[in-house]
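This report describes one protein model, going from its overall make-up to single residues. The sequence and the structure come first.

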Amino acid sequence: PKSFDLAMGLKLFFGAAMIAFGLPLWLFVFTVARKAENLIVFLSSAFFWLLSLFCTGCMWRLLTVNGDDKNWQLFVGIVIAILFQELFRYFFYRVIRRGERFAQELGVSIVYNHKLAFVAGLGYGVVGGAFAFFNALADSVGPGAVWDTTQGIEGVKGSFFLVSAFHVLCFILLNTSLGMIWFTGYEKKSWLLGGIAGTIHLLASFLTAGSSMTGIHSLSLFPNYAILAGTIVYAFWAAGLKPGVCFK
């Protein structure tokens with residue numbers, strides 16, 4: 001029955017959405033929504049991610065990539081996307097620092113600290129996760145989106161949505177941590193920290209792409225979450241902070 005198909009699809013939709021965006025939503029409520037300046041930084045960071053997406057699309061159109069080699073296309077696309085994302089993350093911190101100095105000249109006290117770096121990273125990750133996952137979520141509502149025993153939409157198993165949701169959550173949190181690493185590097189004038197952040201981002205992206213090539217989408221979940229755990233620890237260690245500082 002159509003009503004059963006719709007109910008099944010909605011359960012899958014909301015389940016996958018809550019896995020991917022439930023924790024980021026909780027972080028948004030308790031770290032972003034409390035103060036207006038946090039919300040401004042969150043939205044500004046998301047806008048810079050959109051600018052990186054626009055530049056990635058323009059560069060992709062300008063480059064001539066061998067259309068017969070899908071793996072090479074994927075490799076080039078990932079490298080271009082990550083380079084622009086990390087470049088615009090750096091641009092964002094430069095702009096926000098100049099804005100801070102301008103506000104001080106006007107007599108307005110705005111201190112851009114590691115908490116706001118956390119908020120900026122969260123904004124970067126959430127908008128990236130939304131663009132990466134919303135099309136898949138839209139497909140999950142339709143009929144035939146079932147779990148492992150039966151092929152679903154266009155031959156995609158229902159577990160694809162579950163695994164994708166965990167991947168999206170991983171990259172949202174990873175971008176949040178990378179934002180803090182970039183901010184620490186910018187403050188300490190250390191390009192090494194920026195390079196570490198970009199390398200971590202590339203590594204996690206290549207692992208995800210590699211697992212999709214094998215057809216086993218869950219293959220990269222464990223290594224990516226291991227990278228995430230290490231990145232979170234390193235982000236707070238490099239900044240000399242305790243995790244609780246983001247919630248104060």
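## Contacts around leucine 169

Two residues are in contact here when heavy atoms of theirs lie within 4.5 Å. Not counting residues up to four places away in sequence, leucine 169 touches Ile19, Ala20, Leu23, Pro24 and Tyr225. The model is a predicted one.

Leucine 169 lies in helix H5. Its relative accessible area is 10%, and because buried means under 20%, leucine 169 is buried.

## Overall make-up

The secondary structure consists of seven helices and zero strands. Read from the N terminus, the order of elements is α-α-α-α-α-α-α. The protein has 248 residues, and 44% of them count as buried.

Among contacts with a separation of 6 or more, 76% are between residues 24 or more positions apart. An example of two residues separated along the chain is leucine 39 and glycine 123: they are 84 residues apart, with 9.1 Å between their C-alpha atoms. Leucine 39 is placed in helix H2. At 36% relative accessibility, leucine 39 counts as partly exposed. Beyond its neighbours within four places in sequence, leucine 39 is in contact with Phe28 and Val32.

How many of the 29 residues of H5 are buried? The count is 23, so H5 is largely enclosed by the rest of the structure. With 29 residues at 1.5 Å a residue, H5 should span 42 Å, and the distance of 42 Å between its end C-alpha atoms agrees with that.

Threonine 176 is another residue of helix H5. Its relative accessibility is 3%, so threonine 176 counts as buried. Leaving aside neighbours within four places in sequence, the contacts of threonine 176 are Phe118, Gly121 and Leu122.

Just after H5 comes lysine 189, with a positive phi of about 55°. This is a positive value in a residue other than glycine. Lysine 189 sits in the loop between H5 and H6. Is lysine 189 buried or exposed? At 75% relative accessibility, lysine 189 counts as exposed.

## Helix H6

H6 has 24 residues and reaches 35 Å from its first C-alpha to its last, close to the 34 Å expected at 1.5 Å a residue. The buried residues of H6 include Leu193, Gly194, Ala197, Gly198, Ile200 and His201. Just after H6, glycine 215 also has a positive phi, of about 85°.

## The largest nonpolar core

The largest nonpolar core holds 53 residues; those that touch the most other members are Phe21, Val41, Phe92, Tyr93, Phe133 and Leu174. Two or more residues each are given to this core by helix H1 (2-32), H2, H3, H4, H5, H6 and helix H7 (221-239). The largest share, 14 residues, comes from H5.

Phenylalanine 133, listed above, touches Ala16, Ala20, Phe21, Phe161, Ser164, Ala165 and Val168, not counting residues up to four places away in sequence. Leu174, also listed, is in contact with threonine 231. Leaving aside its neighbours within four places, threonine 231 is in contact with Ser177, Leu178, Ile181 and Ile200 as well. Threonine 231 is found in helix H7, and at 2% relative accessibility it counts as buried.

## The largest pocket

About 1,100 Å³ of space lies in the largest pocket. Its lining is made by 33 residues, and Ile78, Ala132, Phe171, Ser205 and Thr208 lie nearest the centre. The elements that contribute two or more residues to this lining are helix H2 (36-62), helix H3 (70-105), helix H4 (114-140), helix H5 (159-187) and helix H6 (191-214).

How values were computed
Residues are numbered from 1 along each chain as its sequence is written. This is a predicted model: local features need pLDDT of at least 70, side-chain atom pairs count only at pLDDT 80 or more; totals for chains, interfaces and linings use all residues. Side-chain values use heavy atoms; hydrogens and water are left out. On a 1 Å grid over the protein atoms alone, a cavity is a set of points where a 1.4 Å probe fits but cannot get out, and a pocket is an open set with protein on both sides within 12 Å along at least five of seven lines; lining residues have an atom within 4 Å of a point. Grid points are joined across faces, edges and corners, and a volume is the space filled by probe spheres set on the points. Helices (H or I, at least four residues) and strands (E, at least two) are DSSP runs, numbered from the N terminus. The expected span of a helix is 1.5 Å times one less than its number of residues. Buried means under 20% relative accessible area, exposed over 50%, partly exposed in between (1.4 Å probe, protein chains only). A nonpolar core is a set of buried Ala, Val, Leu, Ile, Met, Phe, Trp, Tyr and Cys residues joined through side-chain atoms within 4.5 Å.
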